[in-house]
Amino acid sequence: MTWTQRISERIAHFIKTSDSPYTVEQLAHGIELFLLNTLNLFVILLISAGFGLTGEVFPLLCLFFLFRLLTGGVHLKNPWSCLAATIVLMISGGAIINYSPVVSDSLLMLMILASTLIALVINYLYGPAKRAYINEDSKAREKLRRIVIIIILISCFLSIILVQYSYKLPMIYILAVLYQSLLLTPFSFHLVSFLEKSFSRG
């Protein structure tokens with residue numbers, strides 16, 4: 001049992017009431033997720049500040065988290081490996097946004113439309129991820145799929161409007177939606193499963 005699990009269980013036992021509809025295990029799981037996400041946010045922001053990329057990483061992380069919250073996606077079993085992977089994704093994304101050559105407005109619009117098309121196809125085919133939900137209610141999953149598709153379309157529209165005012169904000173949208181979509185694909189699940197099996201053997 002990890003230290004986050006121990007702390008979460010203690011808090012869950014403390015706040016659990018007799019009329020609560022949730023078990024100690026369910027409460028502890030929710031508390032642990034909150035603790036891990038808070039810790040992850042702090043570490044990512046600290047590292048991004050060290051690289052001078054907070055202005056790029058923070059909005060990228062927020063938009064990416066919004067999409068992930070609705071659709072789920074592949075996760076590493078070890079929370080520290082998951083944190084390391086998220087740091088790599090966010091810092092590399094921030095570096096791309098900050099250091100990549102500025103492209104023309106027309107090319108940036110094409111990139112927005114292409115990333116939106118990719119995201120729509122992947123989210124329609126694979127989202128939301130089944131493992132992101134306690135139950136397998138197909139109606140709930142279909143509703144969430146529609147919600148995330150609408151959010152992607154609205155974000156695409158806003159990004160196109162922002163092209164003439166900002167380069168970074170449309171790029172943040174492009175990377176956030178591509179990251180979220182790629183982590184829904186079967187390839188990502190197979191790759192993570194292969195890596196975890198390889199490391200466990202080692």
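First, the ground rules. The model is predicted, so local features need pLDDT of at least 70 and side-chain atom pairs count only at pLDDT 80 or more, while totals for chains, interfaces and linings use all residues. Residues are numbered from 1 along each chain as its sequence is written, and side-chain values use heavy atoms, with hydrogens and water left out.

On confidence, the protein chain has a mean pLDDT of 87, and 95% of its residues reach 70 or more; pLDDT is the predictor's confidence in each residue, from 0 to 100. Among the elements, α1 has the lowest mean, 80, and helix α5 (residues 105-126) the highest, 96. Where pLDDT is low, the predicted coordinates should not be read in detail. Helices here are DSSP runs (H or I, at least four residues), numbered from the N terminus.

Helix α2 covers residues 24-50, which is 27 residues. From first C-alpha to last, α2 reaches 39 Å, close to the 39 Å expected at 1.5 Å a residue (the expected span being 1.5 Å times one less than the number of residues). Its buried residues (under 20% relative accessible area, 1.4 Å probe, protein chains only) include Val24, Ile31, Glu32, Asn40 and Ser48. The buried set packs against α1 (3-15), α3 (54-71) and α4 (79-99), with contact meaning heavy atoms within 4.5 Å. Just after α2, glycine 52 takes a positive phi of about 70°.

The axes of α1 and α2 come within 8 Å and cross at roughly 130°. That makes α1 oblique to α2. Axes are lines fitted to C-alpha atoms, for helices over the stretch in contact, and angles run from 0 to 180 degrees between N-to-C directions. Angles under 35 degrees count as roughly parallel, over 145 as roughly antiparallel, 65 to 115 as roughly perpendicular and the rest as oblique. On the α1 side, Trp3, Ile7 and Ile11 are among the residues that meet α2, whose partners include Leu27, Leu35 and Leu39.

α5 and helix α7 (residues 168-182) pack at about 25°, axes 9 Å apart. That makes α5 roughly parallel to α7. Among the residues meeting here are Leu108, Met111 and Ile122 in α5, and Tyr173, Val177 and Leu182 in α7.

Finally, lysine 77 sits in the loop between α3 and α4. Lysine 77 is exposed, at 75% relative accessible area, where exposed means over 50%. Lysine 77 and leucine 33 are 44 residues apart in sequence and 13 Å apart in space, C-alpha to C-alpha.

Conventions:
Helices (H or I, at least four residues) and strands (E, at least two) are DSSP runs, numbered from the N terminus.
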